[in-house]
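Here is a briefing on one protein chain. Please keep the sequence and the structure in view while reading.

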Amino acid sequence: MPSSSASITDAAKSASAGGGVQSLERAFDLLERMADAGGEVGLSELSASSGLPLPTIHRLMRTLVVCGYVRQQSNRRYALGPRLIRLGESASRLLGTWARPYLARLVEETGETANMALLDGDEIVYVAQVPSKHSMRMFTEVGRRVLPHSTGVGKALLAHIPPDDVRALLARTGMPATTDKTITTPDGFLRALEVVRGAGYAVDDNEQEIGVRCLAVPIPNSPTAAAISISGPAGRLTESATARIVPVLQEVARDLSDVLTSNTQA
């Protein structure tokens with residue numbers, strides 16, 4: 001999965017060819033690079049990663065500080081600012097709105113609850129859901145945040161991230177057990193990610209909640225790291241059901257990717 005700064009750099013090149021405003025392209029590229037670096041960086045780090053001269057970066061960062069999208073810390077480093085929170089929340093709501101028809105299609109074709117989740121920092125956040133029509137169904141409410149090591153969507157989103165980056169994330173979050181099935185060691189989790197890469201989908205098998213299974217796939221080429229999943233009782237999501245459901249998940253993920261990428265290219 002490419003870094004967000006790499007994606008926006010490609011977009012900036014396309015925009016430049018079409019007459020985009022260079023300073024805007026550079027400012028958004030710097031914001032993406034800050035996010036990739038954990039939200040706080042120094043000017044020299046931004047210069048090294050972006051290739052821009054320090055005076056240009058300083059001018060752009062001062063503008064972003066004045067607008068509230070970046071703040072300067074007491075140690076002279078720069079951090080993402082609070083005004084970005086409102087933008088992110090609004091974008092997440094729109095993303096959920098775009099996803100709902102596709103999640104409804106998943107429910108119709110699988111009979112189980114469908115979810116969409118994003119990787120937000122070190123956490124998984126659920127941004128959309130369409131519940132199953134069964135009387136026994138799984139409720140993962142929109143807005144809920146969980147750690148990625150115990151979820152199917154977490155595995156789907158981390159499977160294509162470099163192992164050293166995964167280890168660093170797990171070191172920051174810890175790996176608490178929510179059930180006796182939860183994977184609680186980095187080596188065990190990395191082995192599970194190898195299985196995900198080979199299979200093309202991820203499984204949470206009683207790892208977040210006993211009696212519940214979840215099947216998840218990433219949304220390819222999504223402008224932000226996102227995955228969709230279906231969840232339900234383990235007694236319904238059997239191996240034979242998995243074989244039937246996974247191709248549907250993958251097809252819906254591809255169709256949703258087309259919608260999300262077309263919205264970003266408009």
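Ser47 has its place in helix 3. The model is predicted. Ser47 counts as buried because its relative accessible area is 19%, and the cut-off for buried is under 20%. Beyond its neighbours within four places in sequence, Ser47 is in contact with Leu52, Pro53, Leu54 and Ile57. Two of the residues named there, Leu54 and Ile57, fall within helix 4, which spans residues 54-67.

**The chain overall**

- The secondary structure comes to 9 helices and 9 strands.
- The chain has 266 residues, and 43% of them count as buried.
- Its accessible surface is about 13,300 Å². Carbon and sulfur atoms hold 54% of that surface.
- Take the contacts in the chain with a separation of 6 or more: residues 24 or more positions apart account for 57% of them.

**Helix 2 and its helix partners**

- Helix 2 (residues 22-36) packs against helix 3 (residues 43-50) at an angle of about 110°. The axes of helix 2 and helix 3 are 11 Å apart.
- Helix 2 is therefore roughly perpendicular to helix 3, since angles of 65 to 115 degrees are counted that way.
- On the helix 2 side, this contact is made by Asp29, Leu30, Arg33 and Met34. Helix 3 contributes Leu46, Ser49 and Ser50.
- By class, the contact of helix 2 with helix 3 has 3 nonpolar, 2 polar and 2 charged residues.
- Helix 2 also packs against helix 4, at an angle of about 80° and with the axes 10 Å apart. This angle makes helix 2 roughly perpendicular to helix 4 as well.
- Ser23, Arg26, Ala27, Leu30, Leu31 and Met34 of helix 2 meet Thr56, Ile57, Leu60, Met61 and Leu64 of helix 4.
- The residues of the contact of helix 2 with helix 4 divide into 8 nonpolar, 2 polar and 1 charged.
- Leu30 and Met34 of helix 2 take part in the contact with helix 3, and Leu30 and Met34 are also among the residues that meet helix 4.
- Ile57 of helix 4 meets helix 2, and Ile57 is also in contact with Ser47.

- Strand 2 and strand 3 (residues 78-80) pair in the antiparallel sense, over 3 bridges. Gln72 stands opposite Tyr78 of strand 3.

- Strand 4 (residues 113-120) is mostly covered, with 7 of its 8 residues buried.
- Strand 4 pairs with strand 5 (residues 123-130) in the antiparallel sense over 7 bridges. Asn115 stands opposite Gln129 of strand 5.
- Strand 4 also pairs with strand 9 (residues 226-233), in the antiparallel sense over 6 bridges. There, Met116 has Ile228 as its bridge partner.
- Strand 8 (residues 212-218) and strand 9 pair in the antiparallel sense over 7 bridges. Val212 stands opposite Pro233 of strand 9.
- Strand 7 and strand 8 pair in the antiparallel sense over 4 bridges. Val203 stands opposite Leu215 of strand 8.

- Which residue takes a positive phi in the hairpin of strand 4 and strand 5? That residue is Gly121, with a phi near 65°. The hairpin has 2 residues between the strands.
- Strand 7 and strand 8 form a hairpin with 6 residues between them. Asn206, in the turn, has a positive phi of about 65°.
- Strand 7 has a covered face, made up of Ala202 and Asp204. Val203 and Asp205 form its uncovered face.

Conventions: Residues are numbered from 1 along each chain as its sequence is written. This is a predicted model: local features need pLDDT of at least 70, side-chain atom pairs count only at pLDDT 80 or more; totals for chains, interfaces and linings use all residues. Side-chain values use heavy atoms; hydrogens and water are left out. Axes are lines fitted to C-alpha atoms, for helices over the stretch in contact, and angles run from 0 to 180 degrees between N-to-C directions. Angles under 35 degrees count as roughly parallel, over 145 as roughly antiparallel, 65 to 115 as roughly perpendicular and the rest as oblique. Contact means heavy atoms within 4.5 Å. Ala, Val, Leu, Ile, Met, Phe, Trp, Tyr, Cys and Pro count as nonpolar, Asp, Glu, Lys and Arg as charged, and the others, Gly among them, as polar. Two strands pair if DSSP finds at least two bridges between them. Buried means under 20% relative accessible area, exposed over 50%, partly exposed in between (1.4 Å probe, protein chains only). Accessible areas come from the Shrake-Rupley method with a 1.4 Å probe; for residues, only the protein chains shown count as cover.
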